[in-house]
Amino acid sequence: VIRSIRFSLVVYFLLLLTLALGAAFGLVYSLARQTVTDKLDNERKRIDAQFTEKAHEEERRLDEKLLVQAQALAGLVQVQTDWPRLTGLRLQALGVLSVGATPQAPLLMPLWLAESVRGRTSWELSRSVLAELRFNETEVLPRLSPGLSADSFFFQIDSDWGSSYRSESLVTSSFPGNPRSFAPTAAIAHRFSTVELEPNLEVRSVQLKVPATRMLPFGLGWGRSHRGNDGRAPGTDSPRSPGSRRPEPGAPSDEPTPPAGSRPTEPGADVRGPDGSRAGRPEGPRFPAPRSPGEFELPMRPSLYIQCAVGLDEYRNTLAKYREARDKESHDLEARTAAGLANLRNRLLLTSTLTFAAAVLGTLLLVRRGLAPLASLGHAVSKVSPRDFRLPLGDSPMPRELGPIVARLNGTLGLLKRAFEREKQATADISHELRTPLAAMLTTLEIALRKPRRPEEYRELLEDCRLSAQQMNQIVERLLTLARLDAGVDLLRAQTVDLAELADQCAAVVRPLAEARGLRLRVQRNGALPVATDPDKMREVLMNLLHNAIQYNRPEGSIEVQVGRQDGQVEVAVRDTGIGMPAEVRGRIFERFYRADQARNEDGMHAGLGLAIVKEYVDLMGGRIVVDSAEGQGSTFRVSLPDPGKA
Amino acid sequence: MRILLIEDHRVLARSVRQGLEEEGFAVDIAADGEEGDYKARTAEYDVIILDLMLPKIDGLTLLQNWRRDGITTHVLVLTARSGVEDRVKGLDLGADDYMAKPFEVKELVARLRALIRRTHQIKDPVLRIHDLEIDTASRTVKRGGKPLVKALTPKEYALLEFLAFHRGKVVTRSMIWEHLYDDQDENTSNVVDVYIRYLRNKIDKGFDLPLILTRWGEGYMLRGDEA
């Protein structure tokens, strides 16, 4: 239920506006957020990549450092090892030459021979006599790397000849895996791995295989097996072994492999092996599968195997720092993004609110403006009173939408005004029509009572009184008839009537009156003409028409009544040869109290109600009455009724 | 005093006429506008009583035409319409008085007399000529301070009043006749001499100074103040 156009318009408009604003808001915000989120993701990726890069860098640095240390260790171990024994052994080879001179030569001969021959025996033999590895840690370690803590630096040196050295930090543990599992052809090789030395102690380790250079020249066989790279300093790039499939450590690699078991990003998470296979746990150092003992191959030259490891704490701390920095940057970025979004949201909200407020004001103004004509129309309508039925709209033209309403209103007001005027006129007419006979009667009575009179005089005066009273009575009767017709209580009591017969009867009643005025009255009829109608009302109609025909006829004129069928209707026409009437009179002839002429007949009984009643009666009977007239040539009133024969 | 009554309601016209005649007025009746117009233009009336709703020519039109044509006879409008607007309209168009139906004949007579006095520019309703007093309101006549021995009939009074209105001037027989008798009267102007004799008998008989004088060959005259 809409109570107020203004209110509902404002509400509906604001609802629409809210929808539109909401949609715009949502769209803009979601687009902006999408963009910002995309940017944020990119930034995050960049930061992650940066972090990964840094982690790799760090790992590479760590590995390099380890390798350098391992190589340094390798150098040092060669320096410090007790070589004299080895030298002695080497000299024994010369004994071959002195077989003849040395008494025990024949004894040593097999050994020497075995020595010169490649073989297990020879190897085992020489190994057992090879030097023990020596190492002075307290002296070496500070030189190796300043600030290196002996507790977190682990190394183990093995050799082909069996002697080995373990750093003091490796008291309880040792490097797992076989350090000798390098390809035998590679003289110098290294590999990195992350291993678990002890439970909860993960370290980054490097395994380095270097030839024990100080043992040169030792044994021909060894010398022969060497492929000419002996002179190379340890630490330089190792030669490319044709069979080696292992990626070159230190060399630029396509995909930097993080140390197994300690991926920089997420330690302890799944680890991918170099072959891409999944491994459940960090596998520790990846060594070539150990060869079966039967395949044992004697190294061409004894090698030193240096395993060297540092605790991952520092590395991890650095990584953690990087991670922290990354997280911080990420976090900052997110915070900035969120702040930016919040700012955007606030701005959108503010804009929406301002727009909304402006729209509320604007809508109120617009609606007020739009409804102004309605208000002025209402004002104008409120000014309408029974005294003034005009709609005081002034000069301002009404909008097109209100045009029909205004037109209709004006029409209705016009009707109302006419009805009001008619009512007023009717009251005036009634009082006027009643006043004249009343005045006559009162005057007559006054005269009669003024003085004693003769009986004849009284009789005359009383007769005048009776005439006046009669006239008043007739007027009252007619007014009542009309009032009953207006109220719709005058019902039609229809029965079959011979219209021709009825016309005859009426003519007979008025004929004396007509003849007294020298008028000829004629009825034209063709046999009976039965119609279903109210005979009393039909008689009243005919009598009225006949009286009028007599009243307004010229002297020596004639009256003709024609009864017959016409166009499927039953028609009675009353024609007179009177003065006729002009068109404007014809239009008003059936109005109440209208008289073409103010004349009354001699008994003063015409109040202008006769034809009004005739019209009402004919309407009530479902018929039609028309009048043809030409001024000076008489008038013809035609009453047509539905023909029951046709129905 | 001769009155023209233009009224189409026969009973009313008859009653008014009878009432006025009994008051000594001579009343002509016209039943429609045309007849009224004709009579007003051809005869001399002291007052015209005009109904407004008339056949053929309505009262207001008649009034308008008369005033336009210089007919200044006093007109008393008599109508069933009693609205202020109707009254104002009638007065605006030159009516001198206005009465609404129904009315009392007594009031009509009083208004007619007032109009007649206005015609003769007399304000005092009592006319005094020497020792003769004529009270036009009560229509009583005194001579020497005493009522007349024999009262005047309405016709005699009307004759005396007419002479009094024209005192000091000669009025002809036909003037008297025209003002005292309506158009339906069968009498000739000789009847005037008869009434003058009656009047002399009632007014001058027994007094030294005769007031009704005869101008032979001209007419009669009521003695003016100078003589």
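The crossing of α8(A) and α1(B) is left-handed, meaning the near helix is turned anticlockwise from the far one by less than a right angle. This is a predicted model, where local features need pLDDT of at least 70, side-chain atom pairs count only at pLDDT 80 or more, and totals for chains, interfaces and linings use all residues. Residues are numbered from 1 along each chain as its sequence is written, chains are lettered from A in the order in which they are written, and side-chain values use heavy atoms, without hydrogens and water.

**The helix pair**
- The axes of α8 (residues 403-450) of chain A and α1 (residues 10-21) of chain B come within 8 Å and cross at roughly 30°; axes are lines fitted to C-alpha atoms, with angles from 0 to 180 degrees between N-to-C directions.
- That makes α8(A) and α1(B) roughly parallel to each other (angles under 35 degrees).
- On the α8(A) side, the contact (heavy atoms within 4.5 Å) includes A:Ala439, A:Thr443 and A:Ile447, and the α1(B) side includes B:Leu12, B:Ser15 and B:Gly19.
- By class, this contact has 6 nonpolar, 5 polar and 1 charged residues (Ala, Val, Leu, Ile, Met, Phe, Trp, Tyr, Cys and Pro are nonpolar; Asp, Glu, Lys and Arg charged; the others, Gly among them, polar).

**Chain A**
- Chain A has 13 helices and 14 strands, as DSSP runs (helices H or I, at least four residues; strands E, at least two).
- Of its 647 residues, 39% count as buried (under 20% relative accessible area, 1.4 Å probe, protein chains only).

**Chain B**
- Chain B comes to 8 helices and 12 strands.
- Of the 227 residues of chain B, 52% count as buried.

Notes. Angles under 35 degrees count as roughly parallel, over 145 as roughly antiparallel, 65 to 115 as roughly perpendicular and the rest as oblique. Buried means under 20% relative accessible area, exposed over 50%, partly exposed in between (1.4 Å probe, protein chains only).
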